[in-house]
Amino acid sequence: TRSGAAFAANVGAVAEDRVVRSVLDLRTAELPEPRVPEGFRLITWLARVPDEHLSAYVEARAAMDDAPCPEGMELPSSTGATIRASEESLLRRDREMRLTVAMDDHGRVGAFTELRVSRGSKLGFTDDTGTVAARRGLGLARAAKLESLRRLRADHPEVEVVSTSNAEENSVMRHLNESIGFRPTA
């Protein structure tokens with residue numbers, strides 16, 4: 001979704017960059033059981049990507065490289081080291097990383113979405129959501145996002161609102177978020 005820290009750091013770098021912030025009332029949101037395409041399953045990892053899936057996740061994160069964003073904006077590509085550093089940073093700040101992936105029968109990640117929540121907070125944040133180019137159009141990002149939100153609500157009933165931000169140019173992700181119940185606020 002181009003909504004992570006790297007995107008936030010670049011916001012304002014160009015006067016024309018515009019971010020759409022949206023929120024979901026998690027208490028009242030209708031979150032149906034996700035439809036998972038045949039050959040895929042949804043998995044949620046908390047705090048850390050398992051070592052045996054790290055390279056598959058790094059490959060899938062390359063989907064962010066072609067997500068719509070303001071012209072001229074370049075974000076760093078993910079590596080195993082940057083993912084591990086992010087996980088450690090979140091742990092030090094007492095934030096829970098919740099990564100939901102759509103994984104195929106061969107262990108490849110087709111789509112992913114990351115949620116973050118601080119201990120005791122009533123607010124959760126979605127970070128990046130992406131779908132590998134060859135798997136777009138199957139509904140994998142929607143399935144992963146729905147599963148992630150459903151699990152968050154079950155695991156953390158104290159969380160009332162989930163926030164997300166998207167580049168204004170990313171109309172596909174903004175539409176997906178709105179179809180789930182996110183409403184633009186700024």
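The legends below accompany an overall view and several close-up views of a predicted model.

View 1. Of the 186 residues in the chain, 45% are buried. The chain exposes about 9500 Å², and carbon and sulfur atoms supply 50% of that area.

View 2. Strand 5, made of residues 123-131, pairs with strand 6 in the parallel sense over three bridges, and here glycine 124 stands opposite valine 162 of strand 6.

**View 3. The unit formed by strand 5, helix 4 and strand 6.** Helix 4 spans residues 140-155, and together with strand 5 and strand 6 it makes a β-α-β unit that is right-handed. The two strands of this unit can also be followed in the previous view, where strand 5 and strand 6 pair in the parallel sense.

**View 4. The crossing of helix 2 and helix 3.** Helix 2 consists of residues 54-61 and helix 3 of residues 80-92, and their axes come within 9 Å and cross at roughly 100°. An angle from 65 to 115 degrees counts as roughly perpendicular, and helix 2 and helix 3 are therefore roughly perpendicular to each other. On the helix 2 side, Leu54, Tyr57, Val58 and Arg61 take part in the contact, and they meet Gly80, Ile83 and Arg84 in helix 3.

**View 5. Alanine 47 and its positive phi.** Alanine 47 lies in the loop that runs between strand 2 (40-46) and helix 2. Its phi is near 75°, which is a positive value in a residue other than glycine. With a relative accessible area of 27%, alanine 47 is partly exposed.

**View 6. Aspartate 94 and its positive phi.** Aspartate 94 is found in the loop between helix 3 and strand 3 (95-104). Although aspartate 94 is not a glycine, it has a positive phi of about 60°. The relative accessible area of aspartate 94 is 36%, so this residue is partly exposed.

How values were computed:
Residues are numbered from 1 along each chain as its sequence is written. This is a predicted model: local features need pLDDT of at least 70, side-chain atom pairs count only at pLDDT 80 or more; totals for chains, interfaces and linings use all residues. Side-chain values use heavy atoms; hydrogens and water are left out. Two strands pair if DSSP finds at least two bridges between them. Helices (H or I, at least four residues) and strands (E, at least two) are DSSP runs, numbered from the N terminus. A crossover is right-handed if, with the strands pointing away from the viewer, the path from the first strand over the helix to the second runs clockwise. Buried means under 20% relative accessible area, exposed over 50%, partly exposed in between (1.4 Å probe, protein chains only). Accessible areas come from the Shrake-Rupley method with a 1.4 Å probe; for residues, only the protein chains shown count as cover. Axes are lines fitted to C-alpha atoms, for helices over the stretch in contact, and angles run from 0 to 180 degrees between N-to-C directions. Angles under 35 degrees count as roughly parallel, over 145 as roughly antiparallel, 65 to 115 as roughly perpendicular and the rest as oblique. Contact means heavy atoms within 4.5 Å.
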